[in-house]
Amino acid sequence: MTTTETHRFTCPLCGNMFDSQLITSTNSFGPLHSDFYREAAGAQPICLFVHTCTNCGYTGFEGDFEPQTFSPDFTRLVTETITPEVKKRKIEVNGNYYLAALCAQWRGASAQQLGRIYHMGAWCCRMRGDKEKEKFYLARAVEDFEKALAAGQPSPDTRAMYAYIIGDIYRRLGDSGRAKEWYGRAGEMLNAFGGESQIREYAERQMKEPKDVF
Ligand SMILES: [Zn+2]
């Protein structure tokens, strides 16, 4: 089971103190989704990995709340773009992966890092049962994963895995043509760069008999 505790965060951008949940233990005993989301048995921790300051909207993972200094540009982008949105309504403290991606992007995150944040956002929406939002996040994730591969960002032994994930995201978005293309590319990348040999099995299986959960 997943357990959490309330943690008081101090926003490194505006100094506001707010409470959010931190995961104290979780497990990987739940089913494995075809795009490598591993469910926990019991409550799902996926939405709890990102936290949003209730005053200014600064959003990130636990480590992003360490004391630090920000560039004037970053501060301006948050206060002009995110803060007004947060002030208009009572924002949820957890699961705002879109805001986390914006903050990461403004701090210079790579396409690979952004793709991972959007992909986690898709998993969070999936576990909350919000299919439309999940698709929005998947579309962002696949765009960034493609950019990351084109720029050679993932280490060689993970490129086949990314190609497979891109294929599986296209399949989930209903684009079977691109899905097949990328499942095929996963096999080619495995030959060229090595990596987890199971990726080939997954790709072949998903081409023949696609499943959302293995
Ligand atoms: Zn703040």
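Where is the place of A163, in which helix? I looked it up in the predicted model. I found A163 in helix α5, which covers residues 159-172.

**Entry 1: A163**

Then I listed its contacts, leaving aside neighbours within four places in sequence. A163 is in contact with L149, W182, R185, A186 and M189. I checked M189 in more detail. A163 and M189 are 26 residues apart in sequence. In space, their C-alpha atoms are 7.8 Å apart.

**Entry 2: the two domains**

I noted that the protein is divided into domain 1 (3-141) and domain 2 (154-214). Their centres, taken over C-alpha atoms, are separated by 27 Å. I found 11 residues of domain 1 in contact with 11 residues of domain 2. On the side of domain 1 that touches domain 2, helix α4 (residues 131-150) gives the most, with four residues. I sorted that side of domain 1 by class: six residues are nonpolar, three polar and two charged.

**Entry 3: helices α2 and α3**

I turned to α2 (residues 97-106) and α3 (residues 111-128). Their axes come within 9 Å and cross at roughly 175 degrees. An angle over 145 degrees counts as roughly antiparallel, so α2 and α3 are roughly antiparallel to each other. From α2, I noted Y97, Y98, A100, A101, A104 and Q105. They meet Q113, L114, I117, Y118, M120, G121 and C124 in α3. By class, this contact has 10 nonpolar, three polar and no charged residues.

Conventions:
Residues numbered from 1 in each chain as written. Predicted model: local features only at pLDDT ≥ 70, side-chain atom pairs only at ≥ 80, totals over all residues. Axes fitted to C-alpha atoms, helices over the stretch in contact; angles between N-to-C directions. Helix = DSSP H or I, 4+ residues; strand = E, 2+ residues; numbered from the N terminus. Parallel < 35°, antiparallel > 145°, perpendicular 65-115°, else oblique. Contact = placed C-beta atoms within 7 Å. Nonpolar A, V, L, I, M, F, W, Y, C, P; charged D, E, K, R; others polar. Domains from an automatic or database assignment.
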